[in-house]
Number of protein chains: 2
Amino acid sequence: MLSWLKQYHRDLLAGDVTAGIIVVLMMVPQGMAYALVAGLPPVAGLYASLLPACAYALFGSSMVQSVGPMAITSLMTASSLAGLAPAGSELYSAMAAQMTLIAGVVLFLCGLLRLGFLAQFLSRPVLSGFTSGAALVIAASQFSTLLGGSLKQINLPGAAIGLSSLLLLWLARQYLMRLLKSLGLAGKVADILAKMAPVFVLALAILCVLLLNLEQAGVQVVGKVPSGLPALGLPLAFGQMRELLMPSLLIGFMIFLSSQSAAVSLAQKRGERINGNHELLGLGAANLASAVSGGFPVTGSISRSAVNYTAGANTPLASVITTVLMAVLLSVPTGWMSPLPLSALAATIMIAVLGMLDFETPREAWRYDRGDALAWGVTLAGVLLLGVEEGVIVGLLLSLGTLIARASRPHIAVIGRIPGTEHYRNVSRYAVETRPELLLLRVDAAIFFGNAERISDSVLEQLQDSQRDVVLVLSAVNQIDTTGLYTLVELNRALNARGIRLNLAEVKGPVMDRLQRSDLLLSQLSGKVFLSTAAAFSALTEPDNPAATVPANPI
Amino acid sequence: MLSWLKQYHRDLLAGDVTAGIIVVLMMVPQGMAYALVAGLPPVAGLYASLLPACAYALFGSSMVQSVGPMAITSLMTASSLAGLAPAGSELYSAMAAQMTLIAGVVLFLCGLLRLGFLAQFLSRPVLSGFTSGAALVIAASQFSTLLGGSLKQINLPGAAIGLSSLLLLWLARQYLMRLLKSLGLAGKVADILAKMAPVFVLALAILCVLLLNLEQAGVQVVGKVPSGLPALGLPLAFGQMRELLMPSLLIGFMIFLSSQSAAVSLAQKRGERINGNHELLGLGAANLASAVSGGFPVTGSISRSAVNYTAGANTPLASVITTVLMAVLLSVPTGWMSPLPLSALAATIMIAVLGMLDFETPREAWRYDRGDALAWGVTLAGVLLLGVEEGVIVGLLLSLGTLIARASRPHIAVIGRIPGTEHYRNVSRYAVETRPELLLLRVDAAIFFGNAERISDSVLEQLQDSQRDVVLVLSAVNQIDTTGLYTLVELNRALNARGIRLNLAEVKGPVMDRLQRSDLLLSQLSGKVFLSTAAAFSALTEPDNPAATVPANPI
């Protein structure tokens, strides 16, 4: 926590200040645009760009993460609240803040419980399918705004501004960086200027509206943005808790996933490492800060954070500077924002989400692993056909299903001795010697509830009539849980009823410690526990060995 | 399917007939009792004991499973429908049948999709906690019926019958088998007669009601049971689909889990194996049959199936005989059932669920694995405090959480060479030699979305300044999914940026086939792919080896 502050030195300051200034310039239009996506008044987007960045700086582990509103979480806010409150109403804002509060509390608690590993639980194809689907939904939702009203009632000057902004932004995206570089600008500067294109286009749109007096012509604009800092307060309306809980949890999950993937990718560039648990605390704090200051869900966005990084941010001080500048902007008269035409804002949203469309991952996956390509398609279809929240759930179920199926198929090998050595290897891959009276099975996974039955079943499956001893070689077994223990006890009983003994070999220290605490296994085991596979092999296959006789009365 | 029928021979018949008769005697009171738990008229329990057993015989893989109504699924039916329709109404019955239909369709589909492995996804402690909690909830729900009405308005003769039945059943449970054995009966006969105690007690209760004319005294009885076979029909009321879907899925899950644990435990005794996919098909068919014949969710119950097994059942023919006998019972006048007092039925339920209470598992788990004991307690508390459906969900989340946490912590070992050999082992467990310029890491798990980030992170964590080459030893890696591939690509890039090369060794055949299809990895990999760890070690540590120089300009 704040370890970066203790080691701060002057050399870092220039980069942080530059990045802070550039990011605030991006934040203003982005905040208003995402507020639009979320169905909230534009100023809510500015509020959400204020305290959260600072709150994240307290706990988060990324040096260059820029926390604020983001397209997908804004879309999820809108789709969760649709039907619960009229968009733009005070109740709607209160409920958005309350969802942010719940998400923030849950994220913070998850951080305290060290559940950072949860970030790994959507596969990339699933995440890519979800993001692409959400991008399409967002783009579609902005279409009527882009045309200045609705499909039926197009406002011509509004549509003209929207479509020209779209064209300009698209050209900038395709050519501006190369153009600027060919004009002699340094790569970094060209990169940042190209990414600032939306700021210039929106400034141009404001100028158009003012000069051509387009507000009179019915062009929809942002309108009055209240100046001054947001009032602080806890958004508590527990009556809605139940309806809001599930969507808040899903939003919280996406907050973490989006932020984590941005943080990890930038940290790798800087040779740093990200701590998932600190990220959860940072994002929790950021969302709590957003909830109490009239905002909506916030997270780290890869596009904004990449600008922060490219602009020279070295530490979270850049975000603190962004916050201070945003507070200044809100404190001085905000009249200059009001003529901003909504259609131009919609154009920036559409271009931004265009970058989220990803057809490369499914293409690559199709070549590499068809199942993963299918998961991409199913998640995308889930978002488009069922809805955004449902899409997250579809993706989660797909990922968990894969995980469960994988865990339930542990690798088990029948092994034999490499002649003349004490090495034992898979009979299907090496020329090894086996004995008719002995089944040696190596289990290559921890034995736990998800695979215990399968392991026991495959012992019975491999068993041949001549065999009188089964040896489970546990060299790769790091854990046997209670279910695994019960399953071994039952396997022992089932084998015993057929006159076959169950033996164990190469039991690891920690596993043995536990087994010895359980009189269940050790008082019932019909065979022995051998230190090595070799010891088991020789003890159980020497004909004069008393341990090699079978019980007198097999059932 | 029906393979048992093709191999049928005369010797098996006596056992199947005996078991068929004994099970139908148990089924009559049990069916009515569980209908009571489910909030349905008693005859629904008889209908549910009719066709399903036969339908299961077509697809199921257990030879001795007896499929019919069961305590927990009946409780879940009641708790799902509470609030949706008044208990006992026609709508209520229709909705119960519809839930059964959904559960049946889903189970059958899961069978076709070969999802039998899903049975392994509650750990035993979680399942035990759930069952114990459900038993307590069921017992509590029967308390007022046991007292002949309600706590406020006790019907004295009804309560007297209920409490004496309870006492008799408890005594029978504790002492009857021993008593019968000491009277010289064979073990099996004594066992079965003891388990038939509820039948005798209920017959006694009917006699009491008839002889003492207790219906006049206000004792609540089963009342008229319509005779004749049920009308067949599809219970379709798609308006309710949405509300019923989730509870139906949860009931379907519990149907599968209960049946599977009964089937596996009895199959082990008979030296047979259970196929989870066939079980799903069998249970799906059984529930479809129940749905179209006016019943409610059915499953295999360990207590009834154990009686079937002990009474001599050899094949599903026993269940077919049960079905035929039940049809006969329903076709002849059913007046003899109507004076059965509900308080005595409640007593049989309470004694039956007493057997489901399990404090042995948590006791054992407490000694062996505290986390598992905690999971037991949390699931139990979930059922008691939140509700039955919620309890299943709590249990599922606990199990999945454990699974996820486990999968996200793959075993990774830094390895070195055992001096003078070509064997490489964990540096923390063997005295091995390492080289300052080389990091050898063995990954002991498939690389997939759930652990890829963690593996990449631990490479960066283990890395020391002197090292110029990282070798990932993939001898235990059976799969690398798309997410794993991307993560390796990014790890390669991150290492490359620090002037360190990423190499692979001992890549398994199927993994290599895939990697070669992905130009991503092979066109970018900064190091090499070595056949063996030994080859990597010697190539990368010989100073005159050209492969051991670092890129000229590390960033």
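A:Arg273, B:Asp457 and B:Glu461 are linked in a network of salt bridges, and I would like to start there, keeping in mind that what we are looking at is a predicted model. Taking the two links in turn, A:Arg273 pairs with B:Asp457 at 3.0 Å between the closest N and O atoms, and the side chains of A:Arg273 and B:Glu461 meet in a salt bridge at 3.5 Å, N to O. B:Glu461 belongs to helix α20 of chain B, whereas A:Arg273 sits in the loop between α12 (241–270) and α13 (276–292) of chain A, so this pair joins two chains. As for how open the arginine is, A:Arg273 has a relative accessible area of 39%, which makes it partly exposed.

Let me move to another pair, A:Glu490 and B:Arg124, which form a salt bridge with the closest N and O atoms 2.8 Å apart. This one also crosses between chains, running from helix α21 (residues 482–497) of chain A, where A:Glu490 lies, to helix α7 of chain B, which holds B:Arg124. Which of the two partners is buried, and which is partly exposed? A:Glu490, at 19% relative accessibility, counts as buried, because the cut-off is under 20%, while B:Arg124, with a relative accessible area of 24%, is partly exposed.

The next pair is A:Arg514 with B:Asp369, again a salt bridge, with 3.2 Å between the closest N and O atoms. Here the crossing goes from helix α22 (residues 509–517) of chain A, which carries A:Arg514, to the loop between α17 and α18 (370–386) of chain B, which carries B:Asp369.

Turning to the elements involved, the side of chain B that touches chain A receives two or more residues from each of α7 (124–141), α12 (241–270), α17 (360–368), α19 (388–407), α20 (452–462), α21 (482–497), α22 (509–517) and α23 (519–524) of chain B. Of these, α19(B) gives the largest share, eight residues. Sorted by class, that side of chain B has 23 nonpolar, 18 polar and 19 charged residues.

Now to the interface as a whole. The size of an interface is often given as the accessible area lost when the parts come together. For chain B and chain A, the area buried between them is about 5800 Å², with 53% of it on carbon and sulfur atoms. In terms of residues, the contact takes 60 from chain B and 61 from chain A.

I will finish with α17(B), where B:Thr361, B:Pro362, B:Glu364, B:Ala365 and B:Tyr368 are buried. Looking down the axis of α17(B), we see these buried residues fall within an arc of 165°, and therefore they line one face of the helix.

Note on methods. Residues are numbered from 1 along each chain as its sequence is written. Chains are lettered from A and ligands numbered from 1 in the order in which they are written. This is a predicted model: local features need pLDDT of at least 70, side-chain atom pairs count only at pLDDT 80 or more; totals for chains, interfaces and linings use all residues. Side-chain values use heavy atoms; hydrogens and water are left out. Contact means heavy atoms within 4.5 Å. Buried area is the accessible area (1.4 Å probe) that two parts lose on being put together, summed over both. A salt bridge is a side-chain nitrogen of Lys or Arg within 4 Å of a carboxyl oxygen of Asp or Glu. Helices (H or I, at least four residues) and strands (E, at least two) are DSSP runs, numbered from the N terminus. Ala, Val, Leu, Ile, Met, Phe, Trp, Tyr, Cys and Pro count as nonpolar, Asp, Glu, Lys and Arg as charged, and the others, Gly among them, as polar. Buried means under 20% relative accessible area, exposed over 50%, partly exposed in between (1.4 Å probe, protein chains only). The arc is that of the directions from the helix axis to the C-beta atoms.
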